[in-house]
Amino acid sequence: MLFGGVLLAVQAALQLAGALDLPAGSCAFEENTCDFDSVFEFLPWILNEEGHYIYVDTSFAKQGEKAVLLSSDVQTEEWSCLRLVYQITTSSGSPSEPSRLNLYVRFDDESFDRLLWSAKEPSDSWLIASLDLQNSSKKFKILIEGVVGHGNTASIALFEIKITTGYCIECDFEENHLCGFVNRWNPNVNWFVGGGNMRNSHSILPQDHTFRSELGHYMYVDSVYVTHYQEVAQLISPVTTAPMSGCLLFYYQLQQGNDSIFSVYTRDVAGLYEEIWKMGNPGNADWNLAEVEFSAPYPMEVIFEVAFNGPKGGYVALDDISFSPVPCQNQTERPFSAVEASCNFEEDLCNFYQDKEGPGWTRVKVKPNMHRAGDHTSGLGYFLMANTKFTSQPGYIGRLYGPSLPGNLQYCLRFYYAIYGFLKMSDTLAVYIFEENHMVQDKIWSVLESPRGVWMQAEITFKKPMPTKVVFMSLCKSFWDCGLVALDDITIELGSCWSPEKLPTPPGECTFEQDECAFTQERRNRSSWHRRRGETPTSYTGPKGDHTTGVGYYMYIEASHMVYGQKARLLSRPLRGVTGKHCLTFFYHMYGAGTGLLNVYLKKEGGSEESLLWRRRGEQSISWLRVLIEYTCERRHQIIFEAIRGVSIRSDIAIDDVKFQAGSCAEMEDMTQHSSGYSEDLNEIEY
């Protein structure tokens, strides 16, 4: 084992509660694994002989093997914080396949586990991960998975897992791991732990705020140690992992002349800072309460920063950081709603509206044909069309305005568009940001060139200080060069579209963008399912692009490699059997005069029979069509997609965007505000 040499240092650095005092879902691994059990199908986690931690390493595990630990039932009816003290070590050098530690939550009504957190960076010391758990009445289990990487001395260890009521950014600094707060080390000025009979400062430091005694602890920065002015000491909170908004409160105390600056910032995963508080009047000599409006709709850190500009800075002390979901001083700012700023146009225009000059955008529903695909949402629903024959004229402009968006927040705008008939495509569709206060329009995106007649996804990240509206503008340059512009499935979310901190796609979803996910094939040859992007090789069959982005990947069978009646089968990974309804959603493409069959089967573990859930025969549409299949199965099972080649080479069949969800398909529709008429595809089957 690789951890014995640092164990004494860990024990000195971490004073953690005993197993008897820990709440459900927690364990200090002193003498046992508490309510956690190793899952039988995988390697066991090993309890160190002297206690204190559990581990898995290359002394008994091979590369790629897993050790899985599963908790008993946990319930967090109040907002809680899960802290994990862990370490990943590896051989010298940078292995191509590092060890990985994953933490999942398993809900009783879901057939797959949700990845909450993942780490693979090796470390010479113990690290702390802080994960926010939103309040919920649903019970769940915690699943910890260690995957051994490449190397002769690869190992993963857990020192503690602990769930406490409250938010991860809260801290009274009484536990020595400081709630996961870290000092950004600076050779000239730093945050230190104060209190607890510590007398390592030349200044006369205060008693802490929590206990009002020398037994308590707090954090402080002292100008006595500063050797270079105009440098900063930063105390950095754990990254928030769930959206939160409300009031951040903390106590501070100063002993100073006029040479110190105390500020609080937020920093997102892209490294962008925003000041949310700055000390004005230093207040009295005792502890002062600060209340700061705080919004973290996407992952961010809180940074407490102190700078000294001269020798009379004194000290700045900080204690008892807390958070309330209620706005400070009863402010009632209405939170941003992503649902209100999004639309799939199935029912109406939602909260979008048009320029008063004319009906530039028309809500339409068309039967898919060689010249016009159906909508993007379901293939059979509604979308917006601009520059139709009724509105096309030289110099025509159609504007579609979105709802008002609060300022000073980062947004991710996604939408799908398709262009038909233009000779020159550039600027036929553009997106502007309209600043309401200054009546200014700023172009943030426009079409340059893209495949014609294919639904393409656009992603735009933007942030403006003032309230704004998104404006979609279509342009008809001349009578001789005026085609059609289609628009569908507009969504606006908080945060960056390309956040590096975003977790991998849940195991219940697959877009085939990176790989085949957890799908497998009974055999692999030319007649198998293939992952592809763009058009299929044979004309007049197969999709022009994928459903996810228009330029991404999908799975399909190439009919020219098969003979009539030959089958290709794609199997999902094994899914847990649970009580209650499940909804399987996917998109399929069956276009071509000789198209065969697409079947979806359910196969129970240990059984030889396969139950047919859904079937389509022959050519269906030139568009991607959506399917919703409702089923129940209380035994471990797999879903099988079976494509059968038709009578001619023009019988390519494709699938994309597969998703498993707990609950009925009707509930899924209500949640996403879709209403595209799926009744003919909806099967309620019990096995």
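Let me start with a pair of cysteines, cysteine 412 and cysteine 497, both of which are buried, where buried means under 20% relative accessible area, exposed means over 50%, and partly exposed is in between, with a 1.4 Å probe and protein chains only. Before I go on, please keep in mind that this is a predicted model, in which local features need pLDDT of at least 70 and side-chain atom pairs count only at pLDDT 80 or more, while totals for chains, interfaces and linings use all residues. Residues are numbered from 1 along each chain as its sequence is written, and side-chain values use heavy atoms, with hydrogens and water left out.

Cysteine 412 and cysteine 497 are joined by a disulfide with an S to S distance of 2.0 Å, a disulfide being a pair of cysteine sulfur atoms within 2.5 Å. The torsion about their S-S bond is about 110 degrees, so this disulfide is right-handed. Cysteine 412 lies in strand β25 (residues 409–420), whereas cysteine 497 is in the loop between β30 (484–494) and β31 (509–510), so the pair ties together parts that are 85 residues apart in sequence. When I say strand, I mean a DSSP run of E with at least two residues, just as a helix is a run of H or I with at least four, and both are numbered from the N terminus.

How many disulfides does the structure hold? There are eight, and I will describe two others. One joins cysteine 27 to cysteine 34, with 2.1 Å from S to S, and because the torsion about its S-S bond is about 75 degrees, it is right-handed. Of these two residues, cysteine 27 is buried, at a relative accessible area of 0%, while cysteine 34 counts as partly exposed, at 27%. Another disulfide links cysteine 171 to cysteine 179, again with an S to S distance of 2.1 Å, and with 75 degrees about the S-S bond this link is right-handed. Here cysteine 171 is buried at 5% relative accessibility, and cysteine 179 is buried with a relative accessible area of 7%.

Let us now turn to strand β37, which covers residues 597–604 and has six of its eight residues buried. Which strands is β37 joined to? Seven bridges join β37 to β38 (residues 610–617), and the two run antiparallel; eight bridges join β37 to β40 (residues 637–644), also in an antiparallel arrangement. Two strands are said to pair if DSSP finds at least two bridges between them.

On the β38 side, asparagine 599 stands opposite arginine 615. The hairpin of β37 and β38 has five residues between the strands, and in this hairpin glycine 606 takes a positive phi near 85 degrees. On the β40 side, lysine 603 has glutamine 638 as its bridge partner.

Strand β40 also contains alanine 643, which counts as buried because its relative accessibility is 0%. Alanine 643 and asparagine 599 are 44 residues apart in sequence, yet their C-alpha atoms are 6.4 Å apart in space. If we leave aside neighbours within four places in sequence, the contacts of alanine 643 include Trp529, Ile557, Leu597, Leu598 and Ile653, where contact means heavy atoms within 4.5 Å.

My next stop is threonine 548, in the loop between β33 (530–533) and β34 (553–557). Is threonine 548 buried or exposed? Threonine 548 counts as buried, because its relative accessibility is 13%. Its side chain makes a polar contact of 3.2 Å with that of aspartate 656, and another of 2.4 Å with that of aspartate 657. A polar contact is a pair of N or O atoms within 3.5 Å; within protein, one must be able to donate a hydrogen and the other to accept it, and residues adjacent in sequence count only if both atoms are side-chain atoms.

Finally, the largest nonpolar core has 39 residues, and among those with the most contacts inside it are Trp191, Phe250 and Phe262. Strands that each supply at least two residues of this core include β13 (217–222), β15 (244–255) and β20 (315–324). A nonpolar core is a set of buried Ala, Val, Leu, Ile, Met, Phe, Trp, Tyr and Cys residues joined through side-chain atoms within 4.5 Å. Not counting residues up to four places away in sequence, tryptophan 191 touches, among others, Met219, Leu235, Phe262, Phe304 and Leu318.
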